[in-house]
Amino acid sequence: MAPIAVGDAIPDGILAYLDDENKPQTVSIHSLAAGKKVIIFGVPGAFTPTCSLKHVPGFIERAEELKGKGVDEVICISVNDPFVMNSWAKTFPENKHVKFLADGAAKYTNALGLELDLTEKGLGVRSRRFALLVEDLKVKVANVESGGEFTVSSAEEIIKAL
C-alpha cells in the first residue's frame, strides 16, 4: 500500500491507552480528529533513543506553541502495547498535551502505509518515523522519514508548515 500523502483522508482505526485507573481503553482516531486540526506523529518504538531523546521531547516542548497555532490535539503513535506506552509517557512528567496511543498489532500503521519491517534487526514490524498535520481528517502535511532518519518529522518542521 502507498504511504498516506497530502490530500488523502486518514483512515479510521482503533488505538489503545490506559485510563487513570490503568485499565485498557480504546479510542477511534476519527473521534479525536474529526472537525479538528491535529498532529499525528509516529515513532518506531517507545524507549528507543531517537524517539525518547529527540522526537517526543520536541513535540512536548513545542506543544503550547502548536496549540497557539490552532492545533487541537497532538497524538503520538507507536507499535507498542498500551502498558508500554503508558510507562513511556510517565517518563515525560512535563507533558501536558501529547496523547500517547498504542497500535499494538500495527493495524493502524499498516492502514497508513507507514509500516517499517525491522525483523532483521530483531524488532519486528514497527512504524516509520512520521508527522502528519491533519485538518478535519484530511492530510495537509505528510513528513515521512526514510529508514531510521530524523530530519523532516520533528515538531519544528511541522511548525514551519503551520
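Visitor: Which residues of helix 4 are buried?

Guide: First, this is a predicted model, where local features need pLDDT of at least 70, side-chain atom pairs count only at pLDDT 80 or more, and totals for chains, interfaces and linings use all residues. Residues are numbered from 1 along each chain as its sequence is written, and side-chain values use heavy atoms, with hydrogens and water left out. Buried means under 20% relative accessible area, with a 1.4 Å probe and protein chains only. Helices are DSSP runs of H or I with at least four residues, strands are E runs of at least two, and both are numbered from the N terminus. In helix 4 (residues 82–89), the buried ones are Pro82, Met85, Asn86, Trp88 and Ala89. Looking down the helix axis, they fall within an arc of 165°, so they line one face of helix 4; the arc is taken from the directions from the axis to the C-beta atoms.

Visitor: How are the rings of tryptophan 88 and phenylalanine 100 arranged, and what is the angle of their planes?

Guide: Rings of Phe, Tyr and Trp (its six-membered ring) pair if their centres lie within 6.5 Å; planes under 30 degrees apart are stacked, over 60 edge-to-face, and the rest tilted. The whole structure has five aromatic pairs. Phenylalanine 41 and phenylalanine 59 are stacked, at 4.0 Å centre to centre and 15° between planes. Phenylalanine 41 sits in strand 3 and phenylalanine 59 in helix 2, so this pair ties together parts 18 residues apart in sequence. For tryptophan 88 and phenylalanine 100, the centres are 5.5 Å apart and the planes at 85°, so that pair is edge-to-face. Both tryptophan 88 and phenylalanine 100 are buried.

Conventions:
Buried < 20%, exposed > 50% of the residue type's maximum accessible area, 1.4 Å probe, protein only.
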